[in-house]
Amino acid sequence: MSNEYTMEEVAKHSVQGDMWLVIDGDVYDLSKFGKFHPGGHSVLRPYAGKDASEAFWGQHRIDVLQKYQNLKIGRVKDGKPSIISTYDPTDVSKVPYGEISAFQGFRSPYWDDSMLAVRKYVAEFRETELRPICEMYEKEGKYPTIELYKKMGKAGILAARLGPGPWMKDLKEMGIPVVGHIAPEKYNYFHEWMVHAELVKCGTPAFCGGLGDGLVIGLPPVMHFGKGELQKRVVKEVLTGEKRICLAISEPFAGSDVANLQTTATKSPCGKYYIVNGAKKWITNGAFADYFVTAVRTGSKGMFGISMLLIPRCEGVKTTQIPVSYSACAGTSYVTFDDVKVPVENLLGRQNQGFRIVMYNFNHERWGVNVFVQTGMRGMVEECFKWAHQRKAFGKPLIAQPVVRFKLAGMIARCEATQNWLENMTYQMNQMPFEEMSIKLAGPLALLKYHITRMAWDIADDATQLLGGRGITRSGMGRGVEAYLRTIKMGAILGGSEEIMADLGVRQAMRNFPKSAKM
C-alpha cells in the first residue's frame, strides 16, 4: 500500500466514527470497527489518532493483526518497520529456545538441511490447508473430513507420519510424493519428527489428533504383519486417505494391563471366520475409522492367548464418542463388537502371538508421544518468552522481573534436557534394525516418556502461572497455554501411563544387570 501519512494527519482522526490508529508504523481505519470490537468503542477511544502499538501487543496475538489487514489504509511516513509485513508462520522462529538449536545456528550431528526442507513442506501445508479450519473444528468438535484426509494423502503427509521403511519406495506407485522431496531411502525418523512437530503447531490438540493419530499406531501392524493382497489394499487405501484406521487395544477392564484383555475371537464352525465379541475404550479416531486393528483373546489367559485382527467397520461394530479432556474432533470412542464376523485372512501375524505385535508397536507409538510432548514444551517456552517481553506489569515488561526469568530458566532447562535425550533415542532408531530396536529401546523409550511427561507437566504449570488469568482462558493471548494445560495429561496416559513406563524402564534394565556387579 503506497499511502503515507504523518502522525499529525493521523491525529486528526480521533473521534468515534472517524478513528485511525497506528500499529508498528501501519495506519488502520477503525471508524466502523468499534461495534465489532469485543470491548466496543470505549476500549478503542483512548488510542484514537495515536500510536497504539504497545497497547495492542499487550492484549493481542499476531493473528488478530493478520485477520484485519483489510482495515490497513497506509503507513506512517518514516515509521518503524511493520512486524506483520515480514511475518511468515512457516519460518524458523528467532525466539531463543523457540526452535531446535540446530535450526538457530548451533552445530548438531543429527539435523541437516533435508530436515529443514521437510519442516518447510509440512508447515506450508499446515498454513494453507489446516490453519483456516483448525480452531473451528476444535471448538465445534467436528471430525476431519475424508476430503482433508485425501489432501494429506496426496501431499504424502499420511505416509510420512509412519517413519522410514520399505513402504517408502512403494509410494511412487501409489501416486504419493515423499515429503520435502526426500529420496525414499534417505527418509529417517528425524524427518518424521519434523512432520509430527509441524502438525502439532496448529495449537489445536484434538484436531491434530484427528489428523491420523490412529493411522500412526494402527497401520504399522498391518504393514509389518499383514499378508498378501489384503495388506497391499489396506495400506494403499489408508495412505491415500481413502480409508481411516485405528488401533483398538485398551478396554474398560484392561488399559495398561494388555495381557488381561477380555475381547474374544472364536473360530466359526466352518473355520472361515473369527467371531469377535467385546468392547474397547479410549480408541483414538475410532469414531470415524473404517478399520480397527484389534487385540483379541483367541487362547488361554495371559499374554500367550492374544491375537491381532484387522476388523473392518461392518455389521456388529458400533462406535460411540467419549467426552474427554480435549475436543471431540479426535474421535476418541468406545467400540463394541457384537458377533462380528472377521475373515481368518485378517489375522495379523500368527494366532496367539499378538502380544508380541502389541509390544513392538508400542515403541514407535511412545516415541511419537514423546515428539508431540516435546514440541508442545518448546512451544510453551516460546509463548512465554514472547509474553514476558510483550506484557507490562508494574510499569515494566514481565521479563524485567527476576522471578519471571527464573521460571523461564526452569522451563528452558527441562525442554533442552529432554530434547537431547529424545535426539539420542531417535538416532538409535535410525541405526538399529526393527528387531533390535524393538528389544533394546523398549526400556529407554518408556523411561523417556515417563520423564518427558513429568517435565511437561511442570512446564504447563509454570506457563499458566506466567500467563495468569489468560492461562486458563480458551481464547486470546493464553489460548495456547490453556489448551496445553488442559490436554497435557493425555501424553502421560496414552501409550502407557507414567507409573507403568517407569516400572517397565527399570525392569528392562534389570534384565541386563551384570551378576558380577558389586559395590
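Which helices each supply at least two residues of the lining of the second largest pocket? They are helix 12 (213-225), helix 14 (354-390), helix 15 (402-431) and helix 16 (434-440); helices here are DSSP runs of H or I, at least four residues, numbered from the N terminus.

This is a predicted model, where local features need pLDDT of at least 70 and side-chain atom pairs pLDDT 80 or more, while totals for chains, interfaces and linings use all residues. Residues are numbered from 1 along each chain as its sequence is written, and side-chain values use heavy atoms, leaving out hydrogens and water.

Back to the pocket. A pocket is an open set of points on a 1 Å grid over the protein atoms alone, where a 1.4 Å probe fits, with protein on both sides within 12 Å along at least five of seven lines; lining residues have an atom within 4 Å of a point. This one holds about 350 Å³, the space filled by probe spheres set on points joined across faces, edges and corners. Of its 22 lining residues, Pro164, Tyr189, His224, Phe434 and Met437 are the closest to the centre.

Next, helix 7, residues 146-155. Its buried residues (under 20% relative accessible area, 1.4 Å probe, protein chains only) are Leu148, Tyr149, Met152, Gly153 and Ala155. Glu147 and Lys154 are exposed, on the face turned away from the buried side; exposed means over 50%. Just after the helix, Gly156 has a positive phi of about 85 degrees.

Last, cysteines. The whole structure has zero disulfides, a disulfide being two cysteine sulfur atoms within 2.5 Å. For Cys270, the nearest cysteine sulfur is that of Cys314, 15 Å away.
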